[in-house]
Amino acid sequence: NTLAVLCFRHFVSLDGPMHLLHAAVLHDSWAGHPPTADGFTVDTDALDLNLGDLPLIALAGQVHPFLLHKLLAALAITCISTGAWCLARAYSPRPSAAWLLVLPFAFGFLLVLGVFHFAIGAGIAMGLCGWWAARPVVRWREVIVLAAGCALATFAHNTGGLLTLLLIGTHEVFARWCGPVAWRARWSGLPPRVPLLLALAVAITGAVLVALRFAVPVAHPHLEHHPLLELATLRQILLVDREAEFPYRLTLGGLLMVLLVLAVRARFRTWALRPADALLAMAGLLFLLSLVRTPRTELHFATDRAQWLGLLLLAGWLGAQDLPGRAMPLVLLGILIVHGLRLGFVERWMHWQKDKDAAAVDAARSFHPGGLVMPLVLDDDWLARHRTAYAAIGYTGIMFTPRDHLRFRSARPLDRDARKYLNTPDNDTGRAVEHLRAGRFPVPGQVLVLSPPADTLDRRWAAARAVLAGRYVRSAACDHAQVWTVRGLADSR
């Protein structure tokens with residue numbers, strides 16, 4: 001999976017460009033030259049600093065954003081795959097070929113969403129759980145290492161530590177249930193009451209974190225999920241095209257069902273619980289959590305995250321089962337062929353998007369230093385939402401848009417309509433055009449138009465072009481981007 005991402009000619013994700021922009025803004029701010037324009041600055045205090053941001057900040061300005069995007073995706077998928085391997089090895093020293101279902105499951109919808117920090121945190125959490133499960137005896141040293149690991153997972157993503165405790169807690173409950181004597185012997189290195197106190201501390205901490213996480217009301221629209229349908233149709237391995245990827249999902253779903261039947265059949269000999277069944281318990285718990293639906297969970301794709309991790313754990317459980325050895329070469333071949341074809345399709349699709357992303361980068365060369373630029377995005381593709389971030393990376397001025405979740409500080413108070421514009425991340429083109437038509441403060445010196453339609457009769461583009469023609473002149477253009485500059489500024493240049 002890591003090599004596949006690095007070999008892609010271009011990589012596309014929803015939030016990836018936004019993560020690159022946030023890291024670039026932090027880099028510029030720490031270097032002493034933060035983006036500024038017309039009394040506006042970026043509120044860097046509102047930006048989160050995660051573990052995955054560190055390599056981005058170190059390489060900002062030295063590596064092309066497209067390559068940096070691939071490196072971040074490769075880091076995320078390496079962490080999640082390695083964590084799944086460490087967790088499976090804790091229960092089965094030699095997992096079977098069925099474990100390779102992790103490959104297509106890891107390269108799933110969340111990777112295209114670009115939630116790379118979550119993937120890094122989840123990978124660390126799974127690796128920590130594997131390390132903990134493999135400890136023959138628990139002493140204070142292990143508890144201290146676990147606490148440090150939880151801190152690292154939380155630094156990677158604010159849910160990383162909570163996920164670590166959730167997985168380890170499930171493991172401990174299951175181990176206590178399966179073998180009380182062995183469980184007590186394992187905890188013999190600590191005083192008798194310590195396990196209970198730790199369990200209470202974990203439960204209370206988890207409850208408080210969850211309450212704080214979902215206490216803030218949702219300020220903008222969210223997507224609606226149907227958890228049971230999405231789980232039954234393996235929604236989490238859908239990437240970019242529902243119809244074109246249907247054969248791949250159908251084949252992988254068939255392989256999953258065959259392996260589940262073989263695993264259940266193998267357990268007919270004895271239904272006694274085994275340590276590896278903790279993986280199935282973890283997967284089941286996450287599948288149950290994916291059924292919890294609130295506006296906040298919808299907004300943060302909690303259903304997708306829980307089901308994605310549940311599928312990875314299910315693959316780990318299958319790898320630990322006593323499956324027929326003669327069937328494993330066919331399973332290995334089937335998974336690799338289907339996943340390889342799927343990767344080839346996705347690579348071609350993403351490469352087709354490269355010209356549109358490159359147009360945003362090229363258009364930024366026409367920006368005036370230290371200026372205020374307002375984007376108009378006319379592409380209805382949901383993956384184009386943060387394409388504006390590519391144009392803003394490294395720019396000394398301000399890209400005046402809420403699309404990329406940057407907060408701005410203004411030396412001059414903003415009116416109600418301007419504040420409403422900035423507080424609506426899902427802003428439409430009409431609101432930006434209205435801002436330009438009214439001539440409200442701040443008046444952008446330049447306007448970046450992304451994906452202008454070839455059809456001149458397009459209503460949105462016709463309305464935007466009529467407003468732009470009144471005050472601006474087109475100063476740069478290509479197939480997928482245009483830059484319009486205010487007339488007086490364009491003439492002086």
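Okay, let's start with rings: searching the whole structure turns up 18 aromatic pairs. By a pair I mean rings of Phe, Tyr or Trp (for Trp, its six-membered ring) with centres within 6.5 Å; planes under 30 degrees apart count as stacked, over 60 as edge-to-face, and the rest as tilted. Before I go on, this is a predicted model, so local features need pLDDT of at least 70 and side-chain atom pairs count only at pLDDT 80 or more, while totals for chains, interfaces and linings use all residues. Residues are numbered from 1 along each chain as its sequence is written, and side-chain values use heavy atoms, with hydrogens and water left out.

So, which pair to show you? Take Phe8 and Phe107, a tilted pair at 6.1 Å centre to centre with 50° between the planes. Phe8 sits in the loop between α1 (2-7) and α2 (16-30), and Phe107 in the loop between α5 (102-106) and α6 (109-113), so this pair ties together parts that are 99 residues apart in sequence. Helices here are DSSP runs of H or I, at least four residues, and strands are runs of E, at least two, numbered from the N terminus. Both of these Phe residues, Phe8 and Phe107, are buried. Buried means under 20% relative accessible area, exposed is over 50%, and partly exposed is in between (1.4 Å probe, protein chains only).

Now compare Phe174 and Trp177. This pair is edge-to-face, 6.2 Å centre to centre and 80° between the planes. They are 3 residues apart in helix α9 (residues 160-178), separated by about one helical turn. Buried or exposed, what is each one? Phe174 is buried at 9% relative accessibility, whereas Trp177 is exposed at 63%. There is also an aromatic cluster made of Phe40, Phe400, Phe408, Tyr421 and Phe441.

Back to Phe107 for a moment. The largest nonpolar core has 153 residues, and Phe107 and Leu309 have the most contacts inside it. A nonpolar core here is a set of buried Ala, Val, Leu, Ile, Met, Phe, Trp, Tyr and Cys residues joined through side-chain atoms within 4.5 Å. Helix α4 (residues 65-91) gives the most to this core, with 13 residues. In soluble globular proteins, nonpolar side chains tend to be buried together. Leaving out residues up to four places away in sequence, Phe107 touches, among others, Asn1, Val5, Phe8, Ile77, His339 and Arg342. Contact means heavy atoms within 4.5 Å.

Another buried one is Leu21, in helix α2, at 3% relative accessibility.

Zooming out: the protein has 23 helices and 8 strands. Its radius of gyration is 25 Å, close to the 23 Å that the globule rule gives for 493 residues, so it is as compact as a globular protein of that length. That radius is taken over C-alpha atoms, and the rule is 2.2 Å times the number of residues to the power 0.38. The C-alpha atoms fill a box of roughly 85 × 50 × 40 Å along the principal axes. Buried residues make up 53% of the 493. Of the contacts with a separation of 6 or more, 79% are between residues 24 or more positions apart.

What about cysteines? The search of the whole structure finds 0 disulfides, a disulfide being a pair of cysteine sulfur atoms within 2.5 Å. Cys86 is partly exposed, with a relative accessible area of 34%.

Most residues other than glycine have a negative phi, and most peptide bonds are trans. Here the peptide bond from Phe441 to Pro442 is cis, with omega near 0°, and Pro442 is in the loop between α21 (429-438) and β6 (446-450). Asp38 has a positive phi, near 50°; it lies in the loop between β1 (36-37) and β2 (40-42) and is partly exposed at 49%. Ser451 also has a positive phi, about 55°, in the loop between β6 and α22 (459-471), but Ser451 counts as buried at 12%.

That's my tour, thanks.
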